[in-house]
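I opened a new page for this structure and wrote down what I looked up, entry by entry.

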Amino acid sequence: MNFLRKKYKLTSDEQLMMFVQQGNEDAFLELYERYSKKLLYYFYRMLFGDHEKAQDFLQDLFLKIVEKPELFDHQKKFSTWLYTIAHNQCKNEYRRLEIRRRFNQKEKDSGKFSESGNGMEKYLDTKLFQSALEKKLYKLGPEQRLIFILRFQEDLSIKEISEITGMKEGTLKSRLFYLTRKLGQDLKDLNPVYSEV
Amino acid sequence: MTNKFKAECQIVQNILLNMKKDHLLSAEKSRIRKHMKDCRSCREFQENMNYLRAGMRVDEKLKIEPRKSTRQVLVSRFREVHRKTDPGFLKFLEKIKLLFSYRIPLYQALAATVVVALFILFFSQSYIQQGTGKIPGALSTVHDSIDVGLMDIRINLNFMDENNTGRNLKEDSSLTRYITTSL
């Protein structure tokens, strides 16, 4: 049935969401194709490289769209709405982890966070820089990690990130500026030096 | 460093922070290039940004694919949620359900009466159609003239004919006797 789905290739996300609200399965699958992989990587990095948890979070997110598509406000951008839900899921998970950590009274947990990236260690030889960056990322606070991932991995604009996180654009800019500087200095030795402009 | 130069730094860094991948206007590009020649800190900043962005690029070797079961689960859930049903019919069903959920006996009694009335109507119709009922002799002509169904009964009573007074006294009803004698 893939040939039937092709008709939605040029349709905007917001229009697709309107079809989803009317019960159109193909429109939903098109949205799933567009965002599932992106969001999986997003969750993967936000959840310290936990692959299984990232898969579960992805399923939960799309189940929310299936069950309550009417919550989408057509005045807003679909991707912003989607990342807002994803962001809230991650926030809840951090809260849960924090509560568990407090109950267990294990100080090692905070150390484990930075080491728990399942797949990252495997790529240390070939992707030393990437691995080091991820480790640095896991050590950042949840908010800093979020804005960094949204900006540098998902390539969202400052305005979009501001809508998702509820932070002011000025605050975001200064935080990103600080983060770029800090991470740049910390990873200076591994700097492979890219130039795009 | 002059104030003007600092302001230019801010503008350039703003552009760099806000730009999407390879989405710089040519005017912005030339502005950045021009500024970069003289500003070491902005050069460093841009360099940092570029390699951090490259570092965040999704690793091709890290093959993470959404589970196939996820898609199946979502599709089946979608079909469950958006099962196509006539909203009018659903409303009607809901009303009926509501009606029978009342604990007021009146509704139940009403419903029972309607059911019983329908039952009687159905059986009385089939009783006449089968012709199993015994009709007195005086009304035998009436019986003969019944075609099918209650609505099509045609009564052709001819009381002038003496033969229509019944085969015997028991069969003759008081009504036919009254009519024949009065005429």
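**Entry 1. Chain B.** I counted the elements of chain B and found eight helices and zero strands. Read along the sequence, the pattern is α-α-α-α-α-α-α-α. This is a predicted model, and I kept that in mind for every entry below.

I looked up burial next. Of the 183 residues of chain B, 10% count as buried. I also checked the contacts in chain B between residues at least 6 apart in sequence, and 41% of them join residues at least 24 apart.

**Entry 2. Confidence in chain B.** Chain B averages a pLDDT of 71, and 57% of its residues score at least 70. Among the elements of chain B, H4(B) has the highest mean pLDDT, 87. The lowest mean, 53, belongs to helix H7 (residues 140–145) of chain B. Over residues 150–154 of chain B the pLDDT stays under 50, and the model has five contacts beyond four places in sequence for that stretch. I noted a rule for myself: where pLDDT is low, the predicted coordinates should not be read in detail.

**Entry 3. Chain A.** I found ten helices and zero strands in chain A. From the N terminus on, the elements run α-α-α-α-α-α-α-α-α-α. Chain A has 197 residues, and buried residues make up 30% of them. Among the contacts in chain A with a separation of 6 or more, residues 24 or more positions apart account for 60%.

**Entry 4. Confidence in chain A.** The mean pLDDT of chain A is 79, and 79% of its residues reach 70 or more. The pLDDT stays under 50 over residues 109–126 of chain A, for which the model has 29 contacts beyond four places in sequence.

**Entry 5. The core.** Which residues touch the most other members of the largest nonpolar core? I found four: A:Leu39, A:Phe43, A:Leu58 and A:Leu150, in a core of 56 residues. Helix H3 (residues 25–46) of chain A gives the most to this core, with 13 residues. I then picked out A:Phe43 and listed what it touches, leaving out residues up to four places away in sequence. The list holds A:Ala54, A:Phe57, A:Leu58 and A:Ala86.

**Entry 6. Two positive phi values.** I looked at A:Phe48, which sits in the loop between H3 and helix H4 (51–67) of chain A. Its phi is near 60°, a positive value in a residue other than glycine. Is A:Phe48 buried or exposed? I counted 23 other C-beta atoms within 10 Å, so A:Phe48 is buried, the cut-off being 20 or more.

A:Asp155 also has a positive phi, about 60°, although it is not a glycine. I located A:Asp155 in the loop between helix H8 (142–153) and helix H9 (158–165) of chain A. With 15 other C-beta atoms within 10 Å, A:Asp155 is partly exposed.

**Entry 7. H9 and H10 of chain A.** Two packed helices are described by the angle between their axes and the distance between the axes. For H9(A) and H10(A) I noted an angle of about 110° and axes 9 Å apart. That makes H9(A) roughly perpendicular to H10(A). From H9(A), the residues A:Ile158, A:Lys159, A:Ile161 and A:Ser162 meet A:Glu169, A:Leu172 and A:Lys173 in H10(A). By class, this contact has three nonpolar, one polar and three charged residues.

I also looked up A:Gly170, which is in helix H10 (residues 169–186) of chain A. A:Gly170 counts as exposed because it has 10 C-beta neighbours inside 10 Å, and the cut-off for exposed is 12 or fewer. A:Gly170 and A:Lys159 are eleven residues apart in sequence, and their C-alpha atoms are 10.0 Å apart in space.

**Entry 8. Where the chains meet.** How many residues of chain B are in contact with chain A? I found 37 residues of chain B in contact with 42 residues of chain A. Helix H1 (3–18), helix H2 (26–38), helix H3 (40–56) and helix H4 (68–81) of chain B each supply at least two residues of the side that touches chain A. H3(B) gives the most to this side, with twelve residues. By class, the side of chain B that touches chain A has 18 nonpolar, nine polar and ten charged residues.

Terms used: Residues numbered from 1 in each chain as written. Chains lettered and ligands numbered in written order. Predicted model: local features only at pLDDT ≥ 70, side-chain atom pairs only at ≥ 80, totals over all residues. Core = buried A, V, L, I, M, F, W, Y, C linked by C-beta atoms within 7 Å. Helix = DSSP H or I, 4+ residues; strand = E, 2+ residues; numbered from the N terminus. Contact = placed C-beta atoms within 7 Å. Nonpolar A, V, L, I, M, F, W, Y, C, P; charged D, E, K, R; others polar. Axes fitted to C-alpha atoms, helices over the stretch in contact; angles between N-to-C directions. Parallel < 35°, antiparallel > 145°, perpendicular 65-115°, else oblique. pLDDT = per-residue confidence, 0-100.
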